[in-house]
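Subject: Structure for your review

Dear colleague,

Please find the structure below, together with its sequence.

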Amino acid sequence: MGLSVTADGGRKTPWRDGSFGYVVPALLLIAFFFIVPVIMLLMRSVLEPTPGLQNYRELLGSTTYLRVLLNTFTVAGLVTIVSVLIGFPIAWLLAIMPERWSRLVLAIIVLSMWTNLLARTYAWMVLLQRTGVVNKVLLSLGIIDKPLALVNNLVGVSIGMTYIMLPFIILPLIGVLKSIDPAILRAAALCGANKRQCFTRVLLPLSLPGIASGALMVFVMSLGYYVTPALLGGTSNMMLAELVAQFVQSLVNWGMGGAAALVLLLVTLVLYTIQLKFVNPNRAR
Amino acid sequence: MLLDFEKLGGLKPFLIGLTVLVCLFLILPILFIAALSFGSSQWLIFPPPSWTFKWYQALFTDPRWLYSALSSLKIAAIVTVFSVVLGFLAALGLNRGSFTGREALRALFLTPMILPVVVLAVALYALFLQFGLAGTTIAFIIAHLLIALPFSIISIGNALDGFDKSIEDAAILCGATPWEARIRVTVPAVSHGIFAAAIFSFLASWDEVVLAIFMASPTLQTLPVKIWATLRQDLTPVIAAASTILIAFTILLMVLAAFFRKGRKV
């Protein structure tokens with residue numbers, strides 16, 4: 001990089017003229033098959049069946065569709081909260097425990113993360129059904145006296161989604177906790193802070209930006225999930241991604257499909273921008 | 001204190017207990033599926049009354065399952081090649097270029113990874129319908145390539161960050177043409193990044209569900225689409241067998257990836 005003489009004919013910065021050419025193939029792919037189709041879809045939302053905003057009026061004005069939005073945000077919120085509450089202690093232990101043990105736990109986390117999404121969702125469909133293992137165990141322990149309805153509703157979706165999202169919160173939090181200098185906590189203890197104070201006034205505040213960033217990521221990912229809600233949820237309580245798919249596949253209503261897609265896209269992009277600020281506060285300002 | 005494993009005190013059993021529970025929560029469903037695939041019960045009773053291979057037999061003798069597995073393999077292989085080549089070029093340009101908007105471009109290349117896949121799937125489906133490409137292998141390849149490419153750009157980009165470009169310049173000064181130097185010096189030096197890119201790209205395509213559902217036609221399906229379509233009808237143990245094969249395949253690739261990571265350190 002610092003070389004002033006190169007064999008490219010001795011020009012000073014040989015990449016200045018040529019380097020853009022290398023990104024062109026990827027750029028063409030993204031332009032033609034990502035930017036163009038997404039814009040075309042969004043155009044259809046204001047052009048079909050007639051030009052205007054009636055699709056958005058219908059989407060945001062009917063209780064059926066507002067219900068879908070509410071379902072989506074409720075499930076995503078619940079999944080995020082539970083994932084953070086469970087994920088933080090796990091990441092904490094993983095950050096400080098001896099490496100031979102943390103490696104085993106990490107292998108399990110990564111394995112579950114890379115296992116095919118359908119395989120994992122299928123497992124929960126079988127486990128949670130009326131005659132499934134979960135109900136059987138709860139019945140035999142005497143916790144319940146008749147089987148619970150755990151699938152085809154938002155309970156099933158939330159369990160399945162939490163299962164999928166846990167690795168996505170644990171892995172980044174390990175890094176966050178590892179980057180905290182243990183000396184700071186020793187200093188707090190030396191100054192007379194007890195364990196609880198050390199936790200609430202030192203450890204937690206120091207990891208809060210990382211928690212917020214991870215939580216937002218999980219929330220955003222949960223909002224747009226399609227497969228798990230479609231299989232574990234019922235037809236009566238849909239989520240937003242399912243609504244987009246249904247408009248296009250079953251109802252062939254591209255106008256409404258485009259409108260629902262735009263809502264999903266906007267929410268995702270706004271939250272993602274906020275998340276970027278947590279990751280790199282200096283750049284965002 | 002709180003960040004010292006030995007001095008956690010009363011918190012230690014609590015944290016360890018929770019971690020063990022979560023590990024069980026994460027691993028048991030996967031083992032459960034593997035066990036069910038060998039169980040004889042059509043109704044997925046657990047523990048199974050007896051053991052059998054009949055679901056695997058049903059899987060391997062059904063030409064539709066075999067054909068979808070073959071389609072999956074073919075599409076994933078082609079996607080991997082394109083993803084690695086395009087990813088290498090793009091990473092090279094992003095890594096060394098000095099043109100303006102480089103950071104914005106990098107962000108743009110990674111966007112397909114963070115946007116809700118269903119939006120991309122529906123948008124591509126509309127496009128391919130217009131061009132008469134819906135339900136073709138080309139449609140599958142393009143769609144899967146979009147989500148595989150970010151993995152390549154990240155993996156190869158990271159590898160290039162750790163490679164000193166002056167080595168390539170030295171080769172050029174010794175008489176190699178720029179492309180000769182890149183292929184014979186740079187590519188071997190970042191080969192661990194290229195292998196990682198290949199494995200991630202393959203898995204991204206192999207496991208893709210949402211895009212595949214929209215790209216599929218009655219005659220052309222990948223394995224996940226076939227599982228999806230079957231799942232919507234019933235929970236047959238044949239799916240447990242198919243899932244177990246997918247899981248075994250994933251573990252194999254993960255071990256392979258770990259092996260390459262280790263090889264780099266030595």
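**Findings**

In chain A, residue A:Phe278 is part of helix α12 (residues 254–279). Please note that the model is a predicted one. With a relative accessibility of 36%, A:Phe278 counts as partly exposed, because that class covers the range between buried, under 20%, and exposed, over 50%. Apart from neighbours within four places in sequence, A:Phe278 is in contact with A:Pro209, A:Ala212, A:Ser213 and A:Leu216. A:Arg130 is 148 residues from A:Phe278 along the chain, and the C-alpha atoms of these two residues are separated by 42 Å.

Another part of chain A to examine is a pair of helices. Helix α3 (residues 63–96) of chain A packs against helix α9 (residues 195–223) of chain A at an angle of about 140 degrees, and their axes are 9 Å apart. This angle makes α3(A) oblique to α9(A), because only angles over 145 degrees would count as roughly antiparallel. The crossing of α3(A) and α9(A) is right-handed. Among the residues that make the contact are A:Phe73, A:Val84, A:Phe88 and A:Trp92 of α3(A), and A:Phe199, A:Leu203, A:Ile211 and A:Phe219 of α9(A). The residues of this contact comprise 14 nonpolar, six polar and no charged. A:Phe88, A:Trp92 and A:Phe199 also form one aromatic cluster.

Over all chains, the structure holds 21 aromatic pairs.

One is formed by B:Phe38 and B:Phe53, whose ring centres are 5.7 Å apart; their planes stand at 90 degrees, so the pair is edge-to-face. Both B:Phe38 and B:Phe53 lie in the loop between α1 (11–37) and α2 (54–61) of chain B, so the pair ties together parts that are 15 residues apart in sequence. B:Phe38 counts as partly exposed, at 31% relative accessibility, whereas B:Phe53 is exposed, with a relative accessible area of 59%.

The other is formed by B:Trp206 and B:Phe249. Their ring centres are 4.8 Å apart and their planes are at 35 degrees, so this pair is tilted. B:Trp206 belongs to helix α9 (residues 191–207) of chain B and B:Phe249 to helix α12 (residues 237–265) of chain B, so parts that are 43 residues apart in sequence are tied together. B:Trp206 counts as buried, at 6% relative accessibility, while B:Phe249, at 26%, counts as partly exposed.

Yours sincerely

Notes. Residues numbered from 1 in each chain as written. Chains lettered and ligands numbered in written order. Predicted model: local features only at pLDDT ≥ 70, side-chain atom pairs only at ≥ 80, totals over all residues. Heavy atoms only, no water. Axes fitted to C-alpha atoms, helices over the stretch in contact; angles between N-to-C directions. Helix = DSSP H or I, 4+ residues; strand = E, 2+ residues; numbered from the N terminus. Parallel < 35°, antiparallel > 145°, perpendicular 65-115°, else oblique. Left-handed = near helix turned anticlockwise from the far one by under 90°. Contact = heavy atoms within 4.5 Å. Nonpolar A, V, L, I, M, F, W, Y, C, P; charged D, E, K, R; others polar. Phe/Tyr/Trp six-rings, centres within 6.5 Å; stacked < 30°, edge-to-face > 60°. Buried < 20%, exposed > 50% of the residue type's maximum accessible area, 1.4 Å probe, protein only.
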